[in-house]
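User: I'd like to learn how to read helix packing and sheet layout in a model. Can you walk me through it?

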Amino acid sequence: MQIDQLFELVYILIDKKQTTAAEMAKRFGVSTRTIYRWLDALSVSGVPVYSLKGRGGGIAISEKYALDKTVLSEDERLAILSSVKALNSLSGSSCRNEGSAESAIKKLSHLVTSDSDWLEVDFAPWSPEGSSVRQVFGTLRDCILKKRQVVFDYYSGDGSAERRTVHPWKLIYKGQAWYMQGWCTLRKAERFFKLSRMRNVEMTGRAANITREECVQFSDIYAEQPDLPLIQIKAKIKPPKIAYLFDIFVCSEIKQNKDKSITAIFSAPDTDWLIGMLLGFEADIKIISPKRIAESIQKKAKEISGLYK
């Protein structure tokens, strides 16, 4: 008797929920007597397999055992439950699979002994864009799973809006925001789109048939986006904006000052975005180095001041 055959039999029972000895005998190329001998061995080992008599009968395995003992450990079940709860929060109440997700959460909750209520994801209370991002998330998820192209109006960093058609690949949470990665037919290249900048998102009836693996076919027009150049900044931040700094940048060095401010060193993209972001700190930040960043902020502040003269 091969141990891997026993394991395969168990997983078939888990997947099919019910089968017959004749089916399994044909699958493994053995007699039905051998299948029943395997079932006896599994039963002796503590695997709750059982026979169903009468028409439509066969052999089956306890569904609770399938999740509770054979496949998943307590930590794995808790991790799956937490993931399902988090993704269900993102999907929005109008999604067609809401009932299925709630059912899965309820079933999995019964199979964990640890505290299963330690994680909650909800955009709505503190983020004004929460409900719209959640709705966009649900539409994009359906496009990815059903392999359909998606169209939407997208607002770029310069404020311009364009209608985009994309073959979507995946949804990514990075830098405190959700993005969609896919092939943009307008740019003829891989692109990342921030969900909060999308408007009028619609699934099309056209198949999304350009995968990331197939992008090599477009080598003449396809180019990976270059990594953003980084610059190291040293700055003094006053207490009102210290937490805000930690929300945005990863500091490699922090020094506490006597006036309760901090002097921090952090890396940031060396782009126009950086100047606008630092202006958001208002008068609670002073750039120590590099000098050109301090000068750029000063110049931009004068331009803003000039608007109100």
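Predicted model: local features only at pLDDT ≥ 70, side-chain atom pairs only at ≥ 80, totals over all residues.

User: Which strands does H9 lie across?

Analyst: H9 lies across E9 (230-237), E11 and E12, and its direction is at about 150° to E11.

User: And how do I describe two helices that pack on each other?

Analyst: You give the angle between their axes and the distance between the axes. Here, H9 (residues 272-279) packs with H10 (residues 291-306) at about 65°, and the axes are 10 Å apart. Angles of 65 to 115 degrees count as roughly perpendicular, so H9 is roughly perpendicular to H10. Their crossing is right-handed.

User: Which residues make the contact?

Analyst: From H9 you have Leu274, Ile275, Leu278 and Leu279; H10 brings Ile293, Ser296, Ile297, Lys300 and Ile304. By type, that contact has seven nonpolar residues, one polar and one charged.

User: Now the sheet. How do strands pair in general?

Analyst: Through backbone hydrogen bonds, either parallel or antiparallel. In this case there's an open sheet of four strands, ordered E10-E11-E9-E12, and the pairing is antiparallel. E10 (251-256) and E12 (285-289) are the edge strands, each pairing on one side only. From one strand to the next, the twist averages 30°.

User: How many bridges join E10 to E11?

Analyst: Five bridges link E10 to E11 (residues 262-269), and the two run antiparallel.

How values were computed
Residues numbered from 1 in each chain as written. Heavy atoms only, no water. Axes fitted to C-alpha atoms, helices over the stretch in contact; angles between N-to-C directions. Parallel < 35°, antiparallel > 145°, perpendicular 65-115°, else oblique. Left-handed = near helix turned anticlockwise from the far one by under 90°. Contact = heavy atoms within 4.5 Å. Nonpolar A, V, L, I, M, F, W, Y, C, P; charged D, E, K, R; others polar. Pairing = 2+ DSSP bridges.
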